Each structure stands twice: as structure tokens, then as C-alpha cells.
Amino acid sequence: MIKTGSGARAAFVAGLAGGAADILTAFVIYRPASPEKILQSVASGLLGAAAFQGGWGAAAIGLAAHFALAVIWGVIFILAAGQASAVLRRPILSGLGFGVVVYGVMNAIVVPLSAAPPRGAPPAEMIGLGLLAHALFGLALAFTAARLLRAER
């Protein structure tokens, strides 16, 4: 059983850790696109195509949205850990699996339902790199959560 206060803190901090790993990986993967354009792409989920004309203001919205989603995923991970203690005992396996699930949900459900302009199917190498970024997201999130909640086990 995870205590509410420590679980909320772990979800928040783990979400931030995962979000940082993911966005930094995106900055590398999507080069030569600038961080501003990458964050505007995230903001386009809320603002539509107008995000790409919004400069750093739209990029800031994208950054905030990215970390808000990462913290929501952190909450989901902690809730799962409360139901299955192996999630925290095996952060490599649970983190990799969780990252793949997040990739699937974001690309199959969240992005298509957002205001982001439609894009064509990505090349296979970009799918692989996207999975890599989300695997790193899951690992950072799982290791952070496991470390923060270790005292409770």
C-alpha cells in the first residue's frame, strides 16, 4: 500500500524525471529541428497549427503541456504500483513496459484526438526512435518512483 502523500510526491517527481528524459531525447532525435519547433509541435495538440506561429510563447505552452502529461503518467504509474508491488521491485521491466504503453496510447489515442495537424505515417526509423524516447521516459519514471517509495516497502 502506498501512502497518499508520498504517492503524490513520487508521482509528481517521477513524472518530472520521465518528462525530462523524454523531452531531452526528443531534442536529440528530431534534430535539426530546434527545441522551439519541437515544443511548438507539442503545443499544437492544444493550439492546432497556430502553435507554429506562436514563437517561444507557444513553445512554453508546449513545455508545460508536456510536463503536465508526464505527471499524469506518473500518477497512473504510481496507481499501478499500488496494485502490483512488482512494479516498484522491477523498475527496468516495468519502466520499459510502461514506456511502450505510453508511446502506444499517445500515438494511437491522445495525439489523434488533439488539435495537432494531421501528419503522415512516420518512417520506421522514427517509430524506433520514438519507442526509444518513451523507453527512456518509462525507465526514468520507474527508477525515480522506486527510489522515492523504497522506504515504504
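**Charges.** I began with the charged side chains of this predicted model, and I counted 10 positive and 4 negative ones in the protein chain; the centres of the two sets lie 12 Å apart.

**Asp 22.** Is Asp 22 buried or exposed? I find that Asp 22 is buried and yet has no salt bridge, since a salt bridge would need a side-chain nitrogen of Lys or Arg within 4 Å of a carboxyl oxygen, whereas the nearest side chain of opposite charge, that of Arg 119, is 12 Å away. Leaving aside residues up to four places away in sequence, I listed what Asp 22 touches, and the entries are His 66, Ala 133, His 134 and Phe 137.

**Fold.** I next read the secondary structure along the sequence and noted the pattern α-α-α-α-α-α, that is, six helices and zero strands in the protein chain. The radius of gyration is 16 Å, close to the 15 Å that the globule rule gives for 153 residues, so I record the protein chain as being as compact as a globular protein of that length. Along its principal axes, the C-alpha trace spans about 50 × 30 × 25 Å.

**Contacts and surface.** Among contacts with a separation of 6 or more, I looked up the share that joins residues 24 or more positions apart, and this share is 72%. Of the 153 residues, 39% count as buried, while the protein chain exposes about 8,300 Å², of which carbon and sulfur atoms supply 71%.

Conventions: Residues numbered from 1 in each chain as written. Predicted model: local features only at pLDDT ≥ 70, side-chain atom pairs only at ≥ 80, totals over all residues. Heavy atoms only, no water. Helix = DSSP H or I, 4+ residues; strand = E, 2+ residues; numbered from the N terminus. Rg over C-alpha atoms; globule rule 2.2 N^0.38 Å. Buried < 20%, exposed > 50% of the residue type's maximum accessible area, 1.4 Å probe, protein only. Contact = heavy atoms within 4.5 Å. Areas by Shrake-Rupley, 256 points an atom, 1.4 Å probe, with all protein chains shown as cover. Lys, Arg positive; Asp, Glu negative; His and termini not counted. Charge placed at Lys NZ, Arg CZ, Asp CG, Glu CD.
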